[in-house]
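Please examine the two chains shown below with the following account at hand. The explanation moves from individual residues to the chains as a whole.

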Amino acid sequence: MTSNAGSEIEKKSGDDNLLPTMNAENLQANMRTIYYSRTFLSIIAGVIAGILGLTNLTGFVFYFFVMAITSLGLLAKAKFSIHAHFDSWNRVVLDGFLSGLMSFVLFWTFAYDLVHIF
Amino acid sequence: MNISFAIGVFGILILSHATYSTIQYRSFLKILEEEFSSPPFNVVVELILGLVLCLWAALAVPGKFLSIHPDSEENRIVSLPANLDFMIFNHRGRALPKDVNMKLKC
């Protein structure tokens, strides 16, 4: 029997671990997909917040709102079967949050300057 | 993938049009010397539409989610050898009936 690629990692059994082994390549590919989606949507959210002229706390509230919608969209894309595609809920809901925040603020200030100051 | 990419580009175009309209609206307000509180209604509609289209594109373009179950059908790590050195044809299979439904995964 020849075996192809596809590395498997043996996850040490934690408290309530449903998947003792998993396909690590696919997990990484899924994480990359989430990262791309979140980054793109952070940029779009920044541009929209700049156009609307949001300032201070309202802008960050808008960012959290868009990220919540993104999480819902990702859940719907995974057809709500998280355990078939990821190893924990945190990955889908919380993963690209803070890195997206930086991009959001960058494009928010950029769009705000473009529309309201110049 | 291509239709989602086109939808994303279209969403970005709608957003840039909204930017341009808001800039024009602002210069218009400067002439009238009024305060800017929020962009006009059609710009807000355009922004919502652009957000929805970009949301769709951001979810559809990067690719499907792959299953991480090691024993799901698409994660088979064993396949029949495709190497020509191991293929022999002079065997007893000649005597078997002709159409056998074989599940081959290359």
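In this predicted model, B:Val44 touches A:Leu52 and B:Pro39, when residues up to four places away in sequence are not counted. B:Val44 is found in helix α2 of chain B. Its relative accessible area is 26%, and because buried residues must fall under 20% and exposed ones over 50%, B:Val44 is classed as partly exposed. Along the chain, B:Val44 and B:Thr22 are 22 residues apart, and their C-alpha atoms are separated by 9.8 Å.

Leaving aside neighbours within four places in sequence, B:Thr19 is in contact with A:Ile51, A:Leu114 and A:Val115. Is this residue, B:Thr19, buried or exposed? With a relative accessible area of 14%, B:Thr19 lies under the 20% limit and therefore counts as buried.

The interior may be considered next. In soluble globular proteins, nonpolar side chains tend to be buried together. In the present model, the largest nonpolar core has 20 residues. Those with the most contacts inside this core are A:Ile44, A:Ile48, A:Ala49, A:Phe62, A:Phe104, B:Leu15 and B:Leu47. Which helices each supply at least two residues of this core? From chain A they are α1 (24-52), α2 (56-77) and α5 (97-117), and from chain B they are α1 and α2 (41-60). The largest share, six residues, comes from α1(A).

A:Ile44 illustrates how residues of the two chains meet. Not counting residues up to four places away in sequence, A:Ile44 touches B:Ile12, B:Leu15, B:Leu51 and B:Cys54.

Chain A has five helices and two strands, and its elements run β-β-α-α-α-α-α from the N terminus on. Of the 118 residues of chain A, 41% count as buried. Among the contacts in chain A with a separation of 6 or more, 67% are accounted for by residues 24 or more positions apart. Chain A exposes about 6600 Å², and carbon and sulfur atoms supply 67% of this area.

Chain B has two helices and zero strands. Of its 106 residues, 29% count as buried. Residues 24 or more positions apart account for 69% of the contacts in chain B with a separation of 6 or more. The accessible surface of chain B comes to about 8200 Å², of which 65% belongs to carbon and sulfur atoms.

For chain A, the mean pLDDT is 76, and 70% of the residues reach 70 or more. Over residues 1-17 of chain A the pLDDT is below 50. Beyond near neighbours in sequence, this stretch of chain A has 32 contacts in the model.

Terms used:
Residues are numbered from 1 along each chain as its sequence is written. Chains are lettered from A and ligands numbered from 1 in the order in which they are written. This is a predicted model: local features need pLDDT of at least 70, side-chain atom pairs count only at pLDDT 80 or more; totals for chains, interfaces and linings use all residues. Side-chain values use heavy atoms; hydrogens and water are left out. pLDDT is the predictor's confidence in each residue, from 0 to 100. Contact means heavy atoms within 4.5 Å. A nonpolar core is a set of buried Ala, Val, Leu, Ile, Met, Phe, Trp, Tyr and Cys residues joined through side-chain atoms within 4.5 Å. Buried means under 20% relative accessible area, exposed over 50%, partly exposed in between (1.4 Å probe, protein chains only). Helices (H or I, at least four residues) and strands (E, at least two) are DSSP runs, numbered from the N terminus. Accessible areas come from the Shrake-Rupley method with a 1.4 Å probe; for residues, only the protein chains shown count as cover.
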